[in-house]
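Subject: Structure for your review

Hello,

Here is the structure I said I would pass on. My notes on it follow below.

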Amino acid sequence: MVCMRCEHPVEKGAHYCSYCGAPVEHTEALSWRREQAERLLREAMSLSEQGRYEEALLACEGALALEPDMLPALSLKALLHEKRGQIEQAVETYQRVVQLNPLSVSERARLEVLRRQSRAVVRLQTSTTRPLWIEALPAVLAFVGAGVVFVIGLVALLRLSAPTAPPSQ
């Protein structure tokens, strides 16, 4: 038997690794946890197909409580967050998937799409926080300025083109 943390040999029947002190999990417990996690994942997939996203997310989280690095459960969790409109949580979960499996093309692609969407939403939110009159102020000032220049030019043109009276003696 080998320690799961440091891979140092562990004596049979030991409850802790003599090298790193980590608790030793016996293979029966590991296989039971894995089976339960897979059962919860199948249940989560079934619930997701039925459109019961919240329940599917709970089943997914149950599977991840048993097997924290279970990639299919993490991928499904990210997808469920995405379907529920929880973009920040979906991004965080996709980041975890990509961290665990850098070669995961589909999750990396979804992560990039969600990042672009969240940046667009942030830009939209920041642009709508200012009142409309402040947004329109530069255009209004430019129009007023152009009008003033036009009026001054018209007055100057009329004064210069007006006939002058002959000087009286």
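Arg39 and Glu43 sit four residues apart in helix 1, which is about one turn of the helix. They form a salt bridge, with 3.6 Å between the closest N and O atoms. Arg39 is partly exposed, at a relative accessible area of 38%, and Glu43 is also partly exposed, at 36%. Please keep in mind that this is a predicted model, and that the values here are computed from it.

Overall fold

The protein chain has six helices and zero strands, so the order of elements from the N terminus reads α-α-α-α-α-α. Of its 169 residues, 24% count as buried. Among contacts with a separation of 6 or more, 36% are between residues 24 or more positions apart. The accessible surface comes to about 12400 Å², and carbon and sulfur atoms account for 61% of that.

Salt bridges

Side chains of opposite charge can pair when their charged atoms come close. The count for this model is eight salt bridges.

One joins the side chains of Glu67 and Arg34, at 3.8 Å from N to O. Glu67 lies in the loop between helix 2 (53-66) and helix 3 (71-83), while Arg34 belongs to helix 1 (residues 27-49), so this pair ties together parts of the chain that are 33 residues apart in sequence. Glu67 is buried, with a relative accessible area of 18%. Arg34 is partly exposed, at 36%.

The other joins the side chains of Arg110 and Glu82, at 1.9 Å from N to O. This pair links distant parts of the chain: Arg110 is in helix 5 (residues 105-127) and Glu82 in helix 3, 28 residues apart. Arg110 counts as partly exposed at 29% relative accessibility. Glu82 counts as buried at 17%, because the cut-off for buried is under 20%.

There is also a network: salt bridges with shared partners join Arg34, Glu38 and Glu67.

Helix 4

Helix 4 (residues 87-100) has 14 residues. From its first C-alpha to its last it reaches 20 Å, close to the 20 Å expected at 1.5 Å a residue. Which residues of helix 4 are buried? They are Ala90, Val91, Thr93, Tyr94, Val97 and Val98.

Thr93, placed in helix 4, has a relative accessible area of 8% and is therefore buried. Apart from its neighbours within four places in sequence, Thr93 is in contact with Leu74, Lys77, Ala78 and His81.

Is Leu157 buried or exposed? At 56% relative accessibility, Leu157 counts as exposed, because the cut-off for exposed is over 50%.

If you want to look at a few places in the viewer, these are the ones I would open:

- the salt bridge between Glu67 and Arg34
- the salt bridge between Arg110 and Glu82
- Thr93 in helix 4

Regards

Note on methods
Residues are numbered from 1 along each chain as its sequence is written. This is a predicted model: local features need pLDDT of at least 70, side-chain atom pairs count only at pLDDT 80 or more; totals for chains, interfaces and linings use all residues. Side-chain values use heavy atoms; hydrogens and water are left out. Buried means under 20% relative accessible area, exposed over 50%, partly exposed in between (1.4 Å probe, protein chains only). Helices (H or I, at least four residues) and strands (E, at least two) are DSSP runs, numbered from the N terminus. The expected span of a helix is 1.5 Å times one less than its number of residues. Contact means heavy atoms within 4.5 Å. Accessible areas come from the Shrake-Rupley method with a 1.4 Å probe; for residues, only the protein chains shown count as cover. A salt bridge is a side-chain nitrogen of Lys or Arg within 4 Å of a carboxyl oxygen of Asp or Glu.
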